[in-house]
Amino acid sequence: MRDFRFGCNVFSVGTRTEFVATCREADAYGFDVVLVPDHLGSGAGKPSATAPFPALALAAETGGRMRVGTFVLNIAYWNPYLLAREAATTDRLIGGRLEIGLGAGHLPGEAAEAGIAWARFGDRLARLESAVERLRLLLEQDDRYAGAQRPRPPLLIAGTGDRILRLAARRADIVAVAGAYPCPGGRPRLGTAREIDERVRFVTGQAGERAGGLELNLLVHEVIITGNRRSAAADLVAAHYPYYSVADALDSPFLLIGTRKQIAEQILERRERYGFSYIAVHDCEMRSLGPVIGELGRAGR
């Protein structure tokens, strides 16, 4: 069973001073990875646009021992050769602490804003499959694109459906089980515990002999510190997750609800049940999860 790793996904870096403070705070809590997503971020009410690789270079410079990673790059924005150049250069400059997260893209509004034609999912996934093969070839075999880590920085692929998880199981080092399912007329819904059980079994089956070497990642969407789990779960269902029952919310791997000790126990249970050892949260949840990392440290993680 793998040791835990914890990642903090920073949506908007703000000023240098603000971003450095966030990285140092994450390091002090015991987070292992600073992550940066790949969104344009423009428009009212949205975080400011952040270029991933410059932000990651600064995070590695100021974030102590932590590794850094993209979470995740929208492959529609990236040519594999230019991505290999960015990744290899960054990895060399930060001393071999880069992780590369990739996805097929899921926001048609951002594609339109960037002047990129929005393709159906099958075509976006075909582009991702092609890019993964080319990127691995460049980073592993072309000395022009050699980073500090050999044969290359670890590769994370995130998704929910069969085809993208099959690609992740066979070609990635880290599989992020997104658990995002289509929901008519609105945002994707989060999967139930039973659905994620099935997705993890699928990944394991597709990985075959590679399964033991894969790291499984989970993005937790809410960390609620409370002495009344059921009441807090009911509030979350009413406010944000109407497709869940209260029992679903309490069992969901994407929601951590309870006292710090209870949440530490939930994280341990979910590693045992699913194999999730790499737990990520958005930066707005950093201060809620941070003390729990200390709790797990005292328990031997």
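**Packing and open space in a predicted model**

Me: How many of the residues of strand 6 are buried?
Reply: Strand 6 (residues 155-159) is mostly covered. Helices (H or I, at least four residues) and strands (E, at least two) are DSSP runs, numbered from the N terminus. Buried means under 20% relative accessible area, exposed over 50% and partly exposed in between, with a 1.4 Å probe and protein chains only. The buried share of strand 6 is 5 of its 5 residues.

Me: At which pLDDT do side-chain atom pairs count?
Reply: Residues are numbered from 1 along each chain as its sequence is written, and side-chain values use heavy atoms, with hydrogens and water left out. This is a predicted model in which totals for chains, interfaces and linings use all residues, local features need pLDDT of at least 70, and side-chain atom pairs count only at pLDDT 80 or more.

Me: Which residue stands opposite G159 in strand 7?
Reply: Strands count as paired if DSSP finds at least two bridges between them. Strand 6 runs parallel to strand 5, with 3 bridges, and parallel to strand 7, with 4 bridges. In the former pairing L102 faces I157, and in the latter the residue opposite G159 is V177.

Me: Why does V132 count as buried?
Reply: V132 belongs to helix 5. Leaving aside neighbours within four places in sequence, V132 is in contact (heavy atoms within 4.5 Å) with L102, L155, I157, L167 and R171. V132 counts as buried because its relative accessibility is 0%.

Me: What is the volume of the largest cavity?
Reply: On a 1 Å grid over the protein atoms alone, a cavity is a set of points where a 1.4 Å probe fits but cannot get out, while a pocket is an open set with protein on both sides within 12 Å along at least five of seven lines; lining residues have an atom within 4 Å of a point. Points are joined across faces, edges and corners, and a volume is the space filled by probe spheres set on them. The search of the whole structure finds 1 cavity of 30 Å³ or more. Lined by L218, V220, P253, L256, I267, R270 and I279, the largest cavity has a volume of about 40 Å³.

Me: How many charged residues line the largest pocket?
Reply: The largest pocket holds about 1900 Å³ of space. Of its 50 lining residues, H106, L107, A180, P188 and H221 are the closest to its centre. Ala, Val, Leu, Ile, Met, Phe, Trp, Tyr, Cys and Pro count as nonpolar, Asp, Glu, Lys and Arg as charged, and the others, Gly among them, as polar. By these classes the lining has 28 nonpolar and 16 polar residues, and the charged ones number 6.

Me: Which elements give two or more residues to the lining of the second largest pocket?
Reply: About 220 Å³ of space lies in the second largest pocket. Its lining of 13 residues has A211, L214, L216, Y274 and G275 closest to the centre. The elements giving two or more residues are helix 7 (193-207), strand 10 and helix 10.
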